[in-house]
Each structure stands twice: as structure tokens, then as C-alpha cells.
Amino acid sequence: MTFSLVGKCERTGMLGAVVTTSSICVGARCPHARQRTGAVMSQNITDPGLGTALLDALQRGLSATEALAAVVGAAENTEHRQLTVVADDGSTAHFTGSRILGTNAVSIGSNCVAAGNLLASARVPAAMVTAFAGHSHAHLAERLLTSLEAGVASGGEEGPVHSAALLVVDRTTFPLVDLRVDWDDRDPVGMLRRLWSAYEPQMDDYLRRALDPESAPSYGVAGDP
């Protein structure tokens with residue numbers, strides 16, 4: 001039902017995740033990221049709690065492989081789960097349970113791992129990893145979104161997708177980028193691209209408003225002096 005990629009920018013240290021699926025509100029369930037810790041995807045009959053558990057394990061100092069083994073070993077119903085992890089050091093790990101839906105595949109790259117289920121083609125994750133690697137000088141959000149578009153171009157899901165999400169963390173406890181298309185009948189990945197195009201020019205302004213409101217630009221709304 002889902003294809004995704006988690007990755008780290010080796011230049012900036014940013015961590016993030018991108019995902020699309022056939023169901024509603026994927027951004028509320030599947031992608032997880034924590035600054036200076038890691039990024040995680042919990043998908044296929046999703047248990048969002050596994051994402052939090054994986055980040056907590058990474059924050060305790062476990063490696064990506066150790067964190068995944070600990071969480072999978074302690075969880076129930078793991079045969080239904082597909083999990084991917086990229087740690088702050090760029091290492092990765094993945095798990096695919098025995099009851100994952102449809103055609104499924106995983107591809108590992110430098111500082112990233114992509115995975116999917118109910119895919120139209122097992123080549124989708126590899127195409128995503130290739131796209132991620134090919135844009136190493138772009139902002140992490142752009143790299144992630146480009147990888148998702150490459151997944152769509154290489155076949156995507158077996159059926160239509162309806163929601164998509166893009167998540168990036170940097171130095172603050174809150175996300176630098178948290179964009180979601182909760183439902184779109186036509187092209188949620190295209191809508192996510194339009195959201196990013198609109199948000200990117202304002203991204204640093206919103207960060208300054210959080211950290212130093214006195215130096216931040218005006219809001220440009222009615223009543224703003």
C-alpha cells in the first residue's frame with residue numbers, strides 16, 4: 001500500500017522521510033524523524049508506535065541495526081510490518097515481515113533506504129535510491145521529493161495513491177519541513193511538490209519566527225504593521 005524513503009543529508013546533517021500510499025493521512029502514521037537521532041518509516045498495516053520506539057532506541061545510543069532488532073524483538077504482530085531506519089551516522093536497517101502485502105522490495109543506498117509494498121514493480125525502491133543519490137547537492141527535502149517522484153515514474157503502487165508526506169528535521173526539536181497531502185483523488189505526489197514549491201521560499205522565515213521573532217519578517221496579513 002506504500003512506498004517511501006528515509007535519508008540523511010551528509011552535507012548538513014538533516015534527516016528526513018518521504019512517503020505516499022493508497023490510504024488517507026499517511027503523514028500522520030508512517031514517517032518519523034528526530035533531530036540528531038534518525039528517521040524511520042513504519043508502514044504496511046502500520047503501527048505508528050514502532051516509529052517512536054525506534055527513535056527512542058536510537059537516542060539511547062543503539063545502532064540502526066541494534067535498534068531495529070530490539071524493537072522488532074519486543075513488538076507483537078511484526079509479520080504485518082515493514083520498517084526502515086536511517087541513523088544519525090548514516091547507517092541503515094530494514095525489516096519486512098512475512099505477511100507484507102503484494103509485491104514488496106527494499107533498496108539500500110548511501111545514507112538512505114527505500115521500501116515499498118503492493119508495488120507495481122519491484123524496481124521502485126531502487127529507482128528512489130538512485131534519484132536520492134543523484135541530487136546530493138540539493139536540499140534534503142528536494143532530494144526526498146525527487147526520490148518519491150522517481151518511484152512514481154518507475155511504476156509506483158499497483159493501484160492509485162491518495163496521500164503523501166514530506167518530513168525533515170534539522171537542529172530544532174520541531175520539524176523544519178512537515179508537509180502533508182491527506183487526501184487527493186488525482187495526484188497527491190504532484191500536490192506535495194506544489195506545497196514544497198510554495199513553502200521553500202518561506203521556510204527560513206518560519207524558522208526565524210520561532211527562534212528570533214524580533215528579527216523575523218512581517219507576516220504580510222491584514223492588520224500586520
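A nonpolar core is a set of buried Ala, Val, Leu, Ile, Met, Phe, Trp, Tyr and Cys residues joined through side-chain atoms within 4.5 Å, where buried means under 20% relative accessible area with a 1.4 Å probe and protein chains only. The largest such core here has 32 residues. The model is predicted, so to speak of local features takes pLDDT of at least 70 and side-chain atom pairs count only at pLDDT 80 or more, while totals for chains, interfaces and linings use all residues. Residues are numbered from 1 along each chain as its sequence is written, and side-chain values use heavy atoms, without hydrogens and water.

**The cores**
- In the largest core, L5, L144, L166, V177, L192 and W196 touch the most other members.
- Elements giving two or more residues to this core are β1 (2-8), β8 (112-117), α3 (124-133), α4 (140-153), β9, β10, α5 and α6; helices (H or I, at least four residues) and strands (E, at least two) are DSSP runs, numbered from the N terminus.
- Helix α4 supplies the largest share, five residues.
- Setting aside neighbours within four places in sequence, L144 is in contact (heavy atoms within 4.5 Å) with L5, G7, G16, A17, V18, F132, L166, L167 and V168.
- A second, separate core of 15 residues has L55, L58, A64 and L68 among its members.

**Helix α1**
- L50, G51, L54, L55, A57 and L58 are the buried residues of α1. They line one face of the helix, because they fall within an arc of 160 degrees seen down its axis; the arc is that of the directions from the helix axis to the C-beta atoms.
- Their packing partners are β3 (31-34), β4 (38-43), α2 (64-74) and β5 (82-87).
- At the N-terminal end, D47 caps α1, with a side-chain oxygen 3.0 Å from the backbone nitrogen of G49.
- Just after the helix, G61 has a positive phi of about 105 degrees.

**Helix α6**
- M203, L207 and R209 are buried in α6 (203-211). They sit on the same side of α6, because they cover an arc of only 160 degrees around its axis.
- These buried residues pack against β10 (177-181) and α5 (188-199).

**D170**
- The loop between β9 (163-169) and β10 holds D170, which counts as buried because its relative accessibility is 7%.
- Beyond neighbours within four places in sequence, D170 contacts T12, M14, Q35, R36 and L176.

How values were computed: Buried < 20%, exposed > 50% of the residue type's maximum accessible area, 1.4 Å probe, protein only. Polar contact = N/O pair within 3.5 Å; in protein donor to acceptor, adjacent residues only side chain to side chain.
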